[in-house]
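Please look over the sequence and the model below, and then follow the text from one part to the next.

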Amino acid sequence: MWLLEAGLLAPDTAVGRPAAAVLASGRLLRETVDRAVLTVADGRLPALADVTLLDRSAAAVPRPAPQLAVIDGHLVAAETTGLAAGPAAALALIAQDAVDLLLSAEIRRVRVCGADQCALRFLDRSPAHNRRWCSMSRCGNRTKVRLHQTRTRRIGRTADS
C-alpha cells in the first residue's frame with residue numbers, strides 16, 4: 001500500500017488490500033491537493049469545494065500533540081511519530097500537511113517537474129529558486145543525457161552533409 005511505502009502508516013495496520021472507499025478517498029484527496037496547491041502557487045484562490053474537502057479531511061483525525069525534550073541542555077521539540085494508526089488517519093495527515101503548505105510562504109516555490117515524462121510536484125528550495133526537475137537522479141540526469149544525445153546526433157548529421 002502506498003501509504004505504508006510513504007512512511008505514513010504503521011506497518012502493523014497495513015493488512016491486505018485497502019478498501020475501495022479508502023482508495024477513492026485517497027484519489028479524491030490527491031486531486032484536490034494538487035488542484036489547490038497549483039492554484040495557490042499561481043497566486044489565485046482555490047475553489048471553495050477544494051477548501052471544504054481539505055478542511056474536512058484535515059479535521060478527521062487530530063494532530064499528534066507536540067512534545068518537549070531536553071537535548072544537550074536545551075529545550076527542543078521532540079520528534080513525534082508521523083505514523084498513522086490507519087488509512088483514514090494517514091489521509092488526514094496528508095490533508096494537514098497540505099493545509100500547512102497552502103498557508104505557508106513556500107507555496108510560491110511549488111514547481112512541476114520539467115521532464116517530458118514526469119509531472120511530479122516539488123518545493124524548489126534551491127538557492128537561486130531555479131530548480132527544474134523533481135530530482136536530478138530521477139529526471140534531471142535523464143533529460144540532460146537525452147538532450148546531449150540529440151545534440152550529438154544533430155551535429156553528426158550536419159558534419160555528414
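Helices (H or I, at least four residues) and strands (E, at least two) are DSSP runs, numbered from the N terminus. This is a predicted model, in which local features need pLDDT of at least 70 and side-chain atom pairs count only at pLDDT 80 or more, while totals for chains, interfaces and linings use all residues. Residues are numbered from 1 along each chain as its sequence is written, and side-chain values use heavy atoms, with hydrogens and water left out.

Strand E1 covers residues 68-71, and Leu68 has its place there. Because its relative accessibility is 67%, Leu68 counts as exposed (over 50% relative accessible area, with buried meaning under 20% and partly exposed in between, for a 1.4 Å probe and protein chains only).

Ser57, in turn, is found in helix H3, which runs over residues 48-58. Ser57 counts as buried because its relative accessibility is 18%. If its neighbours within four places in sequence are left aside, Ser57 is in contact (heavy atoms within 4.5 Å) with Leu29, Ala92 and Ala95.

Which residues lie nearest the centre of the largest pocket? They are Arg30, Val33, Asp34, Ile94 and Arg121, and the lining holds 20 residues. A pocket here is an open set of points on a 1 Å grid over the protein atoms alone, where a 1.4 Å probe fits, with protein on both sides within 12 Å along at least five of seven lines, and lining residues have an atom within 4 Å of a point. Helix H2 (20-41), helix H4 (87-103) and strand E4 (121-123) each supply at least two residues of this lining, and the largest share, eight residues, comes from H2.
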